[in-house]
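Here is a short report on one protein model. Keep the sequence and the 3D view open as you read.

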Amino acid sequence: MMDQARSAFSNLFGGEPLSYTRFSLARQVDGDNSHVEMKLAVDEEENMDNNMRGNHAKVTKPKRFSRYFCYAAIVVIIFFLIGFMIGYLGYCRRVEPKVECGETESFETEEYFPEIPSRLSWPDLKAMLSEKLNNVDFLSTIRRLNENYVPREAGSQKDESLAFYLEDQFRKLKLSKVWHDEHFVKIQVKNSVQNSVTIMSANGMVYLVENPEGYVSYSKVATVNGTLVHANFGTKKDFEDLNSLVNGSLVIVRAGEITFAEKVANAESANAIGVLIYMDNNKFPIVSADVAVFGHAHLGTGDPYTPGFPSFNHTQFPPSQSSGLPNIPVQTISRAGAEELFRNMEKACPFTWKTDSSCRMVTLQNKTVKLTVKNVLKETRILNVFGVIKGFEEPEHYVVVGAQRDAWGPGAAKSSVGTALLLELAQIFSDMVLKDGFKPSRSIVFASWSAGDFGAVGATEWLEGYLSSLHLKAFTYINLDKAVLGTSNFKVSGSPLLYSLIEKVMKDVKHPVTGKSLYQDSNWINKVEKLSLDNAAFPFLAYSGIPAVSFSFCGDTDYPYLGTTMDTYEVLLHNIPDLNKMARAAAEVAGQLMIKLTYGVELNLNYEMYNDKILSFVRDMNQFRTDIKEMGLNLQWLYSARGDFFRATSKLTTDCKNAERTNRFVMKEINDRIMKVEYHFLSPYVSPRDSPFRHIFWGSGSHTLSALLEHLKLRQKNSGAFNQTLLKNQLALATWTIQGAANALSGDIWDIDNEF
């Protein structure tokens, strides 16, 4: 049987029956190296038979050489296959320790290796975005958020439920990665014992004006009693006009123009002992006079009890608090409460204030006002939710698109619109990448922040957690908060690096009501307002040095219901009947910004815009040349720094024009230089903890260029309050910050062309 099988296998190769082989290792007697000798078992048997026959003549087999060749080839092939299988199995175990070879499992690897994108044209992407936006029902999303997640004060159950809902939605969209982080922050809330505003008469009579439903977070907990003085909006100029009348008195101010925190800080600087804030009917024409108002008094952003560092649970820092916390009590009151106070006051308010006719300036001589604030601090957990679409060429660089999630009261305009925009944009861009062939070069991070009502707490804590590295990765922040507050106007605030890009988008997007382009004023850049402390984009720009933009469709007057119990979906829709169209337009603005920032090879940031800003500052300084000369100073080094910055931007522009666009390493080096422009305007000479908003153009503190100019003006207005040593420091550090920005923009140190 074996012989038959052997014969059949041999015939398959066209040869004689084969035999199994043996290997023997023999050393040559003459000292040559060892060699392997392969003999067939049949041969050995024949040799043995021949030897037993008394060394008869050997039997010679025909065609022996060709048979040996076939056997050797088979053996080599077998060994090759065995080696290949061993190597393959070892490779599988090394690369995928949890997956058997031959099986597949979908999971995220630690490293991300991007593909080279095949480019869709800008017109194709713009049309694709527009078509997808046409199919979105923004109203249903806004309505759902306000029906199912109200009220959602930061850290509350509804706020947390909405956070997990957004996280789940991001996962369903199959974003590259979805996660959340948590912070344990201190917020100030109302006590079970109510705050109160009362009128005290000289004869001892006490009259309760109001136990306000609203409150101002981070107020000083105290009771004060004194004369009540009206200070209009509570701006610095308003207090200057009142002279010493405010000293030792309570003040009442109108909401609007500046933030609550700025009003309180100005009042405290004027030696007021407490502040009341109300919404007058002229600026906020709300029918109901009993509407409660909410706000915060922290002159800063983030958790004021962990200034400059993140509020993670594992960080055990000693007790500290922000210098931006007020040292006087502050409380909001309804318009009805304010009018009751006015009935116990005298002297009509100036006509130039353009306020209600009931407004009065100061309490009657025999009456005072008593303010009692009993708010309590509460430590609470807040969640920030993130989802990312990873870029295909530079995934380590990303644009962040964010919206506040929480709200005191319903928060339809304040946070529901922004959250709806965030969710729908995530859906659209996920579809564009997964289904329609859009391959962004850089990543897009979608972020939902909590505790925005308490001063961009969630966003700031995240920035503080990554202070040393985030400016090297995040190159733009797009804020979606309060994106739709009306229909008449389109307003933008942000970094000059984004002005050119914003203008292109304004020319592309049409107003949904008028049908005209959003670009209507060629002088719009000179009308751009600074980002306010209450804007979540502010800490990105002023604290982290990341270019940021915030935009809004708004009316000719302020939307009156922000921060009130009337900020409902129904009221919003009543005031803005074209809400769905306006939300679509806001999404188109944000969407085009996102595409333009992630699509091109070169970062779409116009660093040359800061040349105009620096030149404008130098011109302002030139107005004080006489004062500067009298102090024995000159502006030569400032001129030099300004010139170096101009030359550095010109050189970078030349490098960009001459760069080979297909060389990814060259373009990455250029993009890295562009990304650092904003960051290098953060003053390196002040502490992030003591002066967190270090940006010399957009921050706050004595290191800023605006503070330097204000100090120079003080020399002319009030020489006794002027500090020449401080001014010298301000001028020197401002000059070196601009010089440092120029040096950083130039590239390597051997490319810097200046004399120290």
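A disulfide is counted here when two cysteine sulfur atoms lie within 2.5 Å. In general, a disulfide is a covalent bond between the sulfur atoms of two cysteines. By the distance rule, the count comes to one disulfide.

This is a predicted model: local features need pLDDT of at least 70, side-chain atom pairs count only at pLDDT 80 or more, and totals for chains, interfaces and linings use all residues. Residues are numbered from 1 along each chain as its sequence is written, and side-chain values use heavy atoms, with hydrogens and water left out.

**The disulfide**

Which cysteines does the disulfide join? The partners are C349 and C359, with 1.9 Å from S to S. The angle about the S-S bond is -65°, and the link of C349 and C359 is left-handed. Both C349 and C359 lie in the loop between strand 13 (345-348) and strand 14 (360-363), so the pair ties together parts that are ten residues apart in sequence. Strands are DSSP runs of E with at least two residues; helices are DSSP runs of H or I with at least four, and both are numbered from the N terminus.

Are these cysteines buried or exposed? Buried means under 20% relative accessible area, exposed means over 50%, and partly exposed is in between (1.4 Å probe, protein chains only). C349 counts as buried at 13%, and C359 counts as buried at 2%. C554 and C656 are also listed in the table.

| Residue | Relative accessible area | State |
|---|---|---|
| C349 | 13% | buried |
| C359 | 2% | buried |
| C554 | 10% | buried |
| C656 | 4% | buried |

**The whole chain**

The protein chain has 21 helices and 21 strands. Of its 756 residues, 51% are buried. The accessible surface comes to about 36,300 Å², computed by the Shrake-Rupley method with a 1.4 Å probe; for residues, only the protein chains shown count as cover. Carbon and sulfur atoms hold 52% of that surface.

How much of the contact list links residues 24 or more positions apart? Contact means heavy atoms within 4.5 Å. Among contacts with a separation of 6 or more, 76% are between residues 24 or more positions apart.

Two strands pair if DSSP finds at least two bridges between them.

Strand 4 (196-201) and strand 15 (367-373) pair in the antiparallel sense over six bridges. S201 has K367 of strand 15 as its bridge partner.

**Two loop residues**

S441 sits in the loop between helix 10 (412-434) and strand 18 (442-449). S441 is buried, at 2% relative accessible area. Leaving out residues up to four places away in sequence, S441 touches several residues, including R119, F392, E394 and Y599.

A456 is in the loop between strand 18 and helix 11 (457-465). A456 is buried too, at 5%. A456 and A536 are 80 residues apart in sequence, yet 5.2 Å apart in space, C-alpha to C-alpha. With residues up to four places away not counted, A456 touches T301, G302, A451, A536 and P539.
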